Each structure stands twice: as structure tokens, then as C-alpha cells.
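Keep the 3D view open as you read.

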There are 2 protein chains.
Amino acid sequence: MQPPSETGPGGPVRSVTLLGATGSIGSSTIDLLRRDRSRYRVEAVTAHRNGAALAQLARELGARFAAVADLRAYDELKAGLSGSGIEAGAGPAALVEAADRPAEWVMAAITGAASLAPTLAAAERGATVALANKECLVCAGALFMRRAAAAGATVLPVDSEHNAIFQALSAGRREEVRRIVLTASGGPFRTFSREQMRKVTLEQALKHPIWSMGPKITIDSATLMNKGLELIEARHLFAVRPEELDVVVHPQSVVHGLVEFRDGSVIAQLGSPDMRIPIAHCLAFPERMATPAQRLDLARISTLTFEEPDPERFPALSIARHALVAGGGAPTVLNAANEVAVAEFVAGRLGFAGIPALVEATLDAVERNGEMVEPQSVDQAVAVDHNARRQASHLLPEIAAMAS
Amino acid sequence: MQPPSETGPGGPVRSVTLLGATGSIGSSTIDLLRRDRSRYRVEAVTAHRNGAALAQLARELGARFAAVADLRAYDELKAGLSGSGIEAGAGPAALVEAADRPAEWVMAAITGAASLAPTLAAAERGATVALANKECLVCAGALFMRRAAAAGATVLPVDSEHNAIFQALSAGRREEVRRIVLTASGGPFRTFSREQMRKVTLEQALKHPIWSMGPKITIDSATLMNKGLELIEARHLFAVRPEELDVVVHPQSVVHGLVEFRDGSVIAQLGSPDMRIPIAHCLAFPERMATPAQRLDLARISTLTFEEPDPERFPALSIARHALVAGGGAPTVLNAANEVAVAEFVAGRLGFAGIPALVEATLDAVERNGEMVEPQSVDQAVAVDHNARRQASHLLPEIAAMAS
């Protein structure tokens, strides 16, 4: 159930909580809040471990509660909040408390498995959840969407591709959708030969042509695993069948997503590469707020290109699609194995081609061991994830040797 | 007021009337009706002068009334309908009668000034009007939209560009729209130099790169006057200010129109060049029906390009924009003068550059004579139109000599 709306002197006030306030998505959200402070009241803010920065934000935004995930950062947060009257918390339970507090709208921008419990807590009390983490949908998608629906929560995708699809879907009804197409930049190796791809270095993989992001997601963009994970997210977000989902490579990243309806109309959302656009869409939903994002100038951009993804050079996409079709625990295993593989690649212990190879081997091993179960709770999702990580680490030496 | 919906054994039945059943838009509409006859009941069909073809269609579709605009075609129609029990009519009053009969949905695909009275009749009884003629909006846009709104009519644009905008607008609210962008193919002379454009022949002007259409609209596409007229239509259809309207040249004609919202999101409608797509959108609105239109394959199309229209080589667009900003009777005069100019170009009595020159000279002359009045009725619109045609014919020799 949605908490009652609040009203201020300037009209309705939306109460908001930011889970992950000091990260990139959190900062962009705060940038938008700052532009029209009278329309928002900040209930709670959380951060991973930067207590001082969080305390400063909490004071500026007038939050009622601030929490850090890392217990060791509690003292710093507490000191920073001294005299402000803002409550402080730390640890996993404090994150859930932040999510549970009565804010109409929650930005779920914590990454990793730590996001599961607080995001679920927000959804289960019927809040509008702006979902900026992959884990809830990839590792526990069926569970998450089922509980959100039961609680009457609204789940809004923040990711530019899914947000684009969400916007395009408003042009028709669910049963009128024929196909959902996610666009992929193709990453830095789009035009590399198979030979060139064998010698890819970490430095090369960290150069994304369009978006400036963290190393994990940048490497996922280079393997196209990122798009595979997005297919899995899209399946749950939009309740579509795997065969209704498609990917097209679009290097300019201007068209963020497309929906084909049964009459032949294709509705697309386009925009400059500025995360404030999808965040603003979620923040003001079902209305639209003004943003300072650069206006799209198609004549200046001049050319948009599209091509099929190459399954030979980018096997991660096919592996992810198999996990998507298999369903159950496969996406959870896929995601966990990929996290291990990317970390090993970053650490220099696995070649670039070893990333999809390790993921595929892990999926096979978990399946063979009869451990491919669909998570029915957050704890189970975490258990499936941990088991997959163990398997991936176990398989690492063999795969690293083979793929080098 | 909308006539009550009808119900058949297979669910709700939509009663439809086709004004202009034998033309290209009429034929495409009938192609869609044929695919699911149980969902539609045909009330009336009209044609210009092909009585035999209309009689055959009326029989096939089980229409109750059929009318030809040309009185001389009445006998042929009457003979063709003999023994069918279908009523026959002829002349302008019969077209209005066809529009007036109780059909929930009316396809207004009669072209020219003859379209005004019947289309207005359908709108004034509150029908859903699928608008496939330019004249209602260009010559009497304010009047038409005001009367349609007063009667509670729904006006749906059939034209692929306006239909695209209409679809894209569903992703937000009117006050959230920052800009509406119409796409233009650029016509056959997009890449011509100023020198080449001076020697353009009729044959060259009749070759449209994408759509196969009649000579008038093909030449309007070559001058870009077509896009200028579409700006005027868009102004009335979507109740936007001239400065909110823009044109971008997009030679592949895959993106049919775009709407920029204030958050920076741009929503576009794309599709194969098949008029059945926008017609189906109107026919099933607010639902969407399946069509056999070719599915859009962006990877196969591969490249979409965009550029600013060149005002030097395509002065018609600027002239139309001036008429758009001026409002009142200017768009009516623009349209009438352009019809004269194109007819004279087709007849070989005016060069290609003479088309915009004659339109501009006519606008100036009508303004100078103090005859630029906003039509308050269909009769007044027709009078403004006739006066402009007279002025254009009067100016023709001078302009033809100057522009040759």
C-alpha cells in the first residue's frame, strides 16, 4: 500500500528515500531533487561506507534517517550528523529500516546482493520503487515482481534501456506487444576480428564508447553480458516471453529501446546519454519533470546505425539467452559466475574469452550437480548465488588455462 | 455524441463509413476490414465518379448507402446496386448524407475542397474521424477542430507523420511536450545543387524515393511544401504553437515523427512504409489490431540519417512556416496558391522554382488587398480558397516569366 501523499505550500510533496545516495545514480537523483526542493521531502538516505559524505547529504536534504551498510562507518556518520537531529543507522538491518520508512518513492541504487533485502522491503510495503540495481531482477526476478505486485508496488526501471521500453509500452496494451528490442552499444570490441578479440587487454575493455561507468558494467558491455542480463531483467519487468525479446546493436546509443506493436508500429525512446533523463522519468512518474539534460539534436548526430549482434564473437549474449529461457535458478547462477569471471579478468587471472567460458562452465556444473533451483526467498537467492560463486572459483584454473 | 456501439456474435462491432472508398487510402482501409469482417459493419461508402467500382465494394462490404460525388456517375452506381437493397446517392449533399449516417468511425479520405463539408458533418455528430485529407486542417483548421471538440468527436490523423506524432504523444501529457518534430524524406532533390534545381523536369519531380503517391503530393514532397502543409496540420491537430514545431530531413523515412518531452525523452514512432499501419492504428483506436505490414528490421535497414532542411534550396518550407505563424486565412491561401502552382508545373507552364515563387506572390497579393480573413465557415473557407486561386492565376504569367 502506498503511504498517503503529503501536501506542502507549493502543492503535493513526494516523500523520497535514496538507497545508495552517494553513488552515481544517487548523485544524479539528488541533482534533480535540488532543482525543485519544494516538491520533495527526503525521508532516508543510505550509503555503502562513506559516512561523512552521507551525513553532509542528509543535512542538506533534510533527511530524517541516514544509514551506512558498513558498520565500521557508523562512527563517522554519527559524528557528521551530530546536533542535526537526524537518526543514524548502520549495517544490513539499517538499510532495510531505511527502505521500510514511510517514503512514497524509493530509489533502489544499492548494487550487489546487499540490494536484495532493502529493495524487497520497499516493494513489500507498496512503495513506488525506482529500480537501479540488476540483482533484484536477475537473481530473484520472479520472487521480486510477485511480491511487488501483491503489495501493489509500482516498479519503475531506471536503467536507460528498460526505462525506454517502459516509456514506449505506454503507447499500447500488453497483449498488443509483438516484440521488445533492447539496444546495445556493441561495446569497444564491436568491430574487432575474432583474432583481435583473443588478445583483448583490461585497458581496452575498460574503454566504453558512450557511457562512463564502473569497471564491472563496462566489462559487461564489452562482452555483451550486460545486454544478456538486461534481457533477463526485461523478462521480469515487462512479463514477456523470452522469444518476444530481441537485441540490436546500435553504436550511437541514441535509441535506448523499441517496442513493436502488432499493427507494425514501432515506438522508441531516444535521448542524450544522460542518466538524469530516465531518473527524472521515474522521479516524476506518471508526470514528467523538466531536466537540464542536453536536448537531442538528430541533425547534428546525423547518422544512426543498427546491426545484428555477432554470436560468435560475443558468446555471452547467447549464454545469457539460454539462462533466460531455462529460467529458475539459471539467471542467478549466470550473474554470480559472471561477477567472479569479471573480477578474475580485472585481477589479470583470466583472459577476456575466459569470461563467457567460465560462466558457461559454471552453469553446466550447477545444472549437473542438480543445484539449479529457483530461489523462493532472498536467503535462497543469496544461497544459489554463493554456491555459483564457489563453483566458478573451483572451475577457474581449468578455464583460465583453456581460454588463454 | 458517439452513436451507441453495436454488438455481434463475436463481440463489439464497429460501424464504419468510408468517404473516398475507391482511392488508395480507401483501398488500404478495406484491405484491413476484409481481414476481420466480423468486427466491422459498413454503413456507407462514397467515391468520386467510379460508380461501378463503388457498387461492387458496397455489395461486398454490405454497406447500407453508397454515394458518388459526380452526378453523372449516379446511373452507373444505381445500375450496379440494382437488386441489392443498398441505397444510392449522388452529388455533394449525398456525400454529406453518407457522413451523417450513424457510423461510429468515419474514414475521411476525400481529397480537395469537396472533403470539407462531409468531414465536418461527421465531426459535428461526434464520430471518430480518421482524417486522411489535408484540406480540413490546412484550409479550415481552427474551425474544424473547434467544431469537432464541441461535438465530442475524436480526430485521428491517418497521415503517417501525424499518426506517428499522435502515437508518440501518448507517452506524456500535453503540457509536458517541448517539441514536435516531423520527418521529411527530403524528396528527390535533397542532394541537388541550386544549379541542378533550376533545371528540374516534371519527370524528375514525379519520382519520390520512398512512397508511391499521386502527382500532386509527390511534387509537394519535392518542393517540401508537403512538409509545410503538414506543419499547419500539426498545429491544429495537436494544439501546439508554431515554435514548438520542427522538421528534420530523414531520407529513409523509417522514423515517421518524434515528440520531445521536457525531461529530455524523445518518443518516436517508426515503421515500414505501409499506409496500413497508420490506418490500422486509427481503425482499432484506442486498441491496436494486427496487420500484415512488413515488420521493421533495423539491422537490415542498417543506417538512418538526419539533416536540417536547406531553406535556400527549399523556400516552400519557409513560406509555409510564415503562413503557419501568420495564421488566419494565410494557410488557406498558401494551399490554394500551391495547388494552382503545382497544376501549372504539371501542365508545363511554370518551372519548378516558380512553384514557391507563385505561392509567395499570391500570399503577398492577398495580404496587400486586405483579403486575408480567417474562414469562419466552410463556405468562407471555400471563398478564401477561390479568391487565392484567382490571384494565383492572375499572377502566373509574371511569375512564370521571372522564374524561368
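Let's start with what counts as a salt bridge here: a side-chain nitrogen of Lys or Arg within 4 Å of a carboxyl oxygen of Asp or Glu. Keep in mind that this is a predicted model. Searching the whole structure over all chains turns up 69 salt bridges.

One of them links the side chains of A:Glu43 and A:Arg41, at 3.0 Å from N to O. Take anything under 20% relative accessible area as buried, and A:Glu43 qualifies with 1%. A:Arg41 is buried too, at 15%.

Now hop to chain B, where B:Asp31 and B:Arg35 make a salt bridge at 3.3 Å, N to O. These two are four residues apart in helix 1 (residues 24-35) of chain B, so about one helical turn separates them. B:Asp31 counts as buried at 19% relative accessibility, while B:Arg35 is partly exposed at 48%.

B:Glu195 is partly exposed, with 43% relative accessibility, and B:Arg198 is exposed at 58%. Back in chain A, salt bridges with shared partners tie A:Arg41, A:Glu43, A:Arg64, A:Glu87, A:Glu97 and A:Arg101 into one network.

While you're in chain A, look at helix 15 (residues 330-346). Its 17 residues reach 24 Å from first C-alpha to last, close to the 24 Å expected at 1.5 Å a residue. This helix is mostly covered, with 14 of the 17 residues buried. After helix 15 comes A:Gly348, with a positive phi near 85 degrees.

Next, the strands of chain B. Strand 11 (residues 255-261) is mostly covered: seven of its seven residues are buried. Strand 9 (residues 177-184) runs antiparallel to strand 11, joined to it by five bridges, and strand 12 (residues 266-270) is also antiparallel to strand 11, again with five bridges. B:Glu260 in strand 11 stands opposite B:Arg179 and opposite B:Val266 in strand 12. The hairpin of strands 11 and 12 has four residues between the strands, and B:Gly264 takes a positive phi near 100 degrees in it.

Finally, zoom out to both chains. Chain B superposes on chain A by a rotation of 180 degrees with 0.0 Å of shift along the axis, at an RMSD of 0.0 Å. That's the relation of a two-fold axis. And 100% of chain B's interface residues are also interface residues in chain A, so the copies meet through the same surface.

Conventions: Residues numbered from 1 in each chain as written. Chains lettered and ligands numbered in written order. Predicted model: local features only at pLDDT ≥ 70, side-chain atom pairs only at ≥ 80, totals over all residues. Heavy atoms only, no water. Least-squares fit on C-alpha atoms with pLDDT ≥ 70 in both. Contact = heavy atoms within 4.5 Å. Buried < 20%, exposed > 50% of the residue type's maximum accessible area, 1.4 Å probe, protein only. Pairing = 2+ DSSP bridges. Expected span 1.5 Å × (residues − 1).
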